[in-house]
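Open your viewer and get ready to click along.

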Amino acid sequence: MAITASDVNALRQKTGVGMMDCKKALTEANGDMDKAVEILREKGMATAAKKAGRIAAEGIVDSYIHMGGKVGVLVEVNCETDFVARGDQFKELVHDIALQIAAAKPEYITKEEVPQEVLDKEKEILKVQAMNEGKPEAIAEKMVQGRIKKYYEDFCLLEQPFVKDTSKTIGTLITEAVAAIGEKITVRRFARFEMGEGLEKKKDDLAEEVEKQVSKMKG
C-alpha cells in the first residue's frame, strides 16, 4: 500500500514522532494508522526502558492557575539536560501535566505510591459493593481486580486519561515525549491547591449572628 505524505503528517500530529519514524511505522503497519501508532508507542516504551537507569536531574518547575485563581498547581518534571529543559516541546509537556493535575486531581504520581493500607481499604469497599450487588464471593474478588484499575485511573497521575486526548494516559504522553526528545523524563513531585479546601465553611449568616448577639444582650 502506498504511504502518502498526508498519512505521514497525520501520524506525526498524533504522536509527535519524527517524519522518518512515522513513515517507517506506517510501512510496517501496511498503512494502518492505529497499528502504526501502536508500533511507535511500543518503540517509545522500549526507548523509555533503555533510559530508565539514567539520571534526570535537570528540568523545570511549572505552575498552572485555573478558574480565576480558584485552583493552582506546582509541578516539577525532570529531564537529563538543561538544553532539553529549555526547549518548547518539554515546556509544553510540563504545562500539559500541570493542567492535568489541576483538572483531574490526582493524589499520587504512580500506582506504586498508593499506600498498602489505602489500597486494602479500597479493595474491601469494592468487594462489599460487589457482594451487595448479589455476586458470589469468588466473582466479587475478580470484580475488585477490574475496579481497582479504575481507582488507579482516578487517583494516579500516570494512569489517568490525558484530559486533552483521552485516547492516551499521562504515562503514554510522557513515553511518547521520551521517544521524541531522546531523554529520560520523570514527574518528581507536585502540589495542588484549591481555594477553601479543607476549611469548614461558616454556616451562620449575618442575620443569625445578629440574632445571637441580641439574645446575649437580653440575657
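With which residue does aspartate 96 form a salt bridge? Select aspartate 96 and lysine 164: these two form the bridge, and their closest N and O atoms are 2.9 Å apart. (A salt bridge here is a side-chain nitrogen of Lys or Arg within 4 Å of a carboxyl oxygen of Asp or Glu.) The two partners are 68 residues apart and link distant parts of the chain, with aspartate 96 in helix α5 and lysine 164 in the loop between β3 and β4 (165–169).

A word on what you are looking at: this is a predicted model, in which local features need pLDDT of at least 70 and side-chain atom pairs count only at pLDDT 80 or more, while totals for chains, interfaces and linings use all residues. Residues are numbered from 1 along each chain as its sequence is written, and side-chain values use heavy atoms, with hydrogens and water left out.

**Stop 1: helix α5**

Now select residues 88–104, which make up helix α5. Helices (H or I, at least four residues) and strands (E, at least two) are DSSP runs, numbered from the N terminus. The 17 residues of α5 should span 24 Å at 1.5 Å a residue, and the end C-alpha atoms are 24 Å apart, which agrees. (The expected span is 1.5 Å times one less than the number of residues.)

Is aspartate 96 buried or exposed? Aspartate 96 is buried, because its relative accessible area is 10%; buried means under 20%, exposed over 50%, and partly exposed in between (1.4 Å probe, protein chains only). Other buried residues of α5 to highlight include Phe90, Leu93, Val94 and Ile97. Show what surrounds them: the buried residues of α5 pack against elements including β1 (58–66), β2 (71–79) and α8 (170–181), where contact means heavy atoms within 4.5 Å. Just after α5, click on lysine 105, which takes a positive phi of about 55°.

**Stop 2**

The structure holds 10 salt bridges. Pick lysine 168 and glutamate 176, whose side chains meet in a salt bridge (2.8 Å, N to O). Lysine 168 counts as buried at 6% relative accessibility, and glutamate 176 is buried as well, at 7%.

Next, select glutamate 133 and arginine 147, another salt bridge (3.2 Å, N to O). Here glutamate 133 is partly exposed at 44% relative accessibility, and arginine 147 is partly exposed at 26%.

Finish by selecting Glu76, Arg188 and Arg189, which are linked in a network of salt bridges.
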